[in-house]
Amino acid sequence: MERIIRIYLLGCLAVFAISSCKTVKLKDAEEKQRLGEYYAAGEMYRKLYTKSKPEQKDLRAYIAYRMGDCNRLINNTPRAISAYMNALRYDYPDSMLYLHLAQVNHQNGRYAEAIKYYNDFLSFHPEKTGLALNGIKGCEVAPSWQSQPTLYKVAKMELFNSRRSEFCPMLCGEKNDQLYFNSTRGIVKKDSVSGITGLKNNVLFVSKKNETGVWQKPEEVKDAVASEFDEGTPSFTKDGNTMYYTYCSEDATDARTAEIYVSTRSGAEWGKGQRAAIVKDSITLLAHPAVSPNGNYLYFVADAVGGYGGKDIFRARLFGANDFGPMENLGPEINTEGDELFPYVRDSITLYFASNGHPGMGGLDLFKATLDSTGHWNVTNMKAPINSSSDDFGITFETNAERGYFSSNRNDARGWDHIYSFDYPTVTIFIEGYVSDAEEYTIEDAVVRIVGKDGLNVKVPVKPDGSYRVELERDISYVMMASAPNYLNQNFELKTDAEEKNETYYVDFFLSPIDRPVVVENIFYDFDKATLRPESKEALDQLIKILDDNPNVTIELGAHTDRKGSDAYNEKLAQRRAQSVVDYLIAAGVAMDRLTAKGYGETVPKTISGKLVGKYDFLPEGTVLTETFVNALTPEQQEIADQINRRTEFIVTGLEYGLK
């Protein structure tokens, strides 16, 4: 991809083919390289290297190094690695050789080799830590990003691509129904061949959706905006009537540079482009324009004084289509010693760009930068599969959607760019369940309130069947409370998982009524004693939570026995058991004056509820388990009935504790 970047960033070429002269001279190759004609220069260096003799070590080292540079800059990493290794073999004295070897190995996905050469470079230049240390960090994290990719789905867009090179897609139109991009397959410039890349010069193409929303075959833009030179990297104002783009030409003095041009649409056609008056001179390199959605700023790439090394991202205030304020560098949180390129402004606080200076997977990676409330940029790598060890750049998003298009030269042996789509699947997290009473009957007018650290604060009425369902966010803590008239509240705390996956949490609430007794299930005592057994702890702790959720409530703890034994004995046993529960609650921190112990013995037999009918079908709903009724059952059924009668209950005795 950098073969295309260099068209715009290191100089642009008019229409030249490689000379077919019989004799290739070193000074001619050097001149081609100086002019930025890297493909042409690389071919000349290759011929010179072949003709040189092995004993000419210094000459071979020099030619190999320069050949490596040319191939690196047109993104032919296999040839660059081979050339640099020859330069190393012949002891080329420039320590930059190690940095470039590290970079091309990094871009080729050879992370271990890249780290070695980064460290070799640091041994010569411990003070030049930025690119090398960030390179090492990128090599260290890239394997984990490859093995644990994000949820983005990436696909090559065969409709937009050809056998040539395509890059920098940009959506246009209120309905995102037009996609512009650069391509070297144009017919307007069919005879032009770039000495930089060996490809034809870039032209603008556009694909449009039909009435059913299907993309159509791209067509070359042949309006007045087209010229004999390179145009590309377009960006559009919100109304779609003004286009800023990169333009490269060659003047009579053989000087080449990249500039930003502006074109306006008249009807369906784009008018002839005019140079954007961002700077007074035509020497400063300007490229990759990106209009902010509100039209207030134009972001762009420049190689200007006061930068941080390489190409930096700047912005300028827009007062009109071709009226700009002063250039403003986005600062060291965005810009590095490397190149920051292809900005894309999604909204007032979100910027996307490509960089080879921040820690990445190799070549250019795509990054997302978010502006926080203090005015600082937080930059994050978009990781795999958006990024790869190749060049990934030039992203565009559909409006209000996490999908769009970008360009990459991955999986292309020639290093040519192609357009890919990306789509982030919607990750949904829900919490759902039922709200019922302690006997599992549906409650009318129940409400579930949810408060989250993400700012969520909702009250959800429960449906007639007792169900509720609420969408949540991942990696957030929530507090929930179910409530209903004449029932105690019940709270629940939830922390959603941080993993990016669909998830549904299930939480059922069983509310306790304030006007009738509630059985505390699974409280057990030693036989014929009031000693609580260890397996009662869970039920007792749930009772403590009910009291904590309802701090203004006072209750009576009532213990009941079965029909066996005398009335006096059962009442005393029940009183001791009720007091055991009260003592446990007090020891756990519940205020003593919120609790009352009452032993009922066998005087209040249990009335069969619908919940119990579901478990024991021989007991009709509404039946009272009196001694007479139980004596009429079979021995096995009598044991079940006695067990049901042996219970601990609580009933609300007050609702104003602590309010006076």
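This is a predicted model: local features need pLDDT of at least 70, side-chain atom pairs count only at pLDDT 80 or more; totals for chains, interfaces and linings use all residues.

A: Residues are numbered from 1 along each chain as its sequence is written, and side-chain values use heavy atoms, with hydrogens and water left out.

Helix H3 (residues 38–51) packs against helix H4 (residues 57–73) at an angle of about 150 degrees, and their axes are 9 Å apart. Helices (H or I, at least four residues) and strands (E, at least two) are DSSP runs, numbered from the N terminus. Axes are lines fitted to C-alpha atoms, for helices over the stretch in contact, and angles run from 0 to 180 degrees between N-to-C directions. H3 and H4 are therefore roughly antiparallel; that term applies to angles over 145 degrees, whereas those under 35 count as roughly parallel, 65 to 115 as roughly perpendicular and the rest as oblique. The crossing of H3 with H4 is left-handed, meaning that the near helix is turned anticlockwise from the far one by less than a right angle; clockwise would be right-handed.

Contact means heavy atoms within 4.5 Å. On the H3 side, the residues that meet H4 include Tyr38, Ala41, Tyr45 and Tyr49, and their counterparts in H4 include Ile63, Ala64, Met67 and Leu73. By class, this contact of H3 with H4 holds 10 nonpolar, 2 polar and 3 charged residues. Here Ala, Val, Leu, Ile, Met, Phe, Trp, Tyr, Cys and Pro count as nonpolar, Asp, Glu, Lys and Arg as charged, and the others, Gly among them, as polar.

An open, antiparallel sheet of 4 strands has the order E11-E12-E13-E14. Strand E11 (285–291) and strand E14 (323–329) each have a single partner strand, so one side of each edge strand lacks a neighbour in the sheet. Two strands pair if DSSP finds at least two bridges between them. Strand E12 (residues 297–303) and strand E13 (residues 312–320) are joined antiparallel over 6 bridges, and Val301 stands opposite Ile313 in E13.

Another open sheet of 4 strands, also with antiparallel pairing, runs in the order E1-E21-E20-E19. Its edges are strand E1 (153–156) and strand E19 (392–397), each pairing on one side only. Within it, strand E20 (residues 403–408) and strand E21 (residues 418–423) run antiparallel and share 6 bridges, with Ser407 opposite Ile419 in E21.

Some local features deserve mention. Most residues other than glycine have a negative phi, and most peptide bonds are trans. Ala384 and Pro385 are joined by a cis peptide bond, with omega about 5 degrees; Pro385 sits in the loop between strand E18 (377–381) and E19. Asp475, although not a glycine, has a positive phi of about 60 degrees.

Finally, helix H9 (residues 537–549) and helix H10 (residues 567–587) have axes that come within 11 Å and cross at roughly 65 degrees. This crossing of H9 with H10 is right-handed. Leu540, Leu543 and Ile544 are among the H9 residues that meet Val581, Tyr584 and Leu585 in H10. The contact of H9 with H10 divides into 7 nonpolar, no polar and 2 charged residues.
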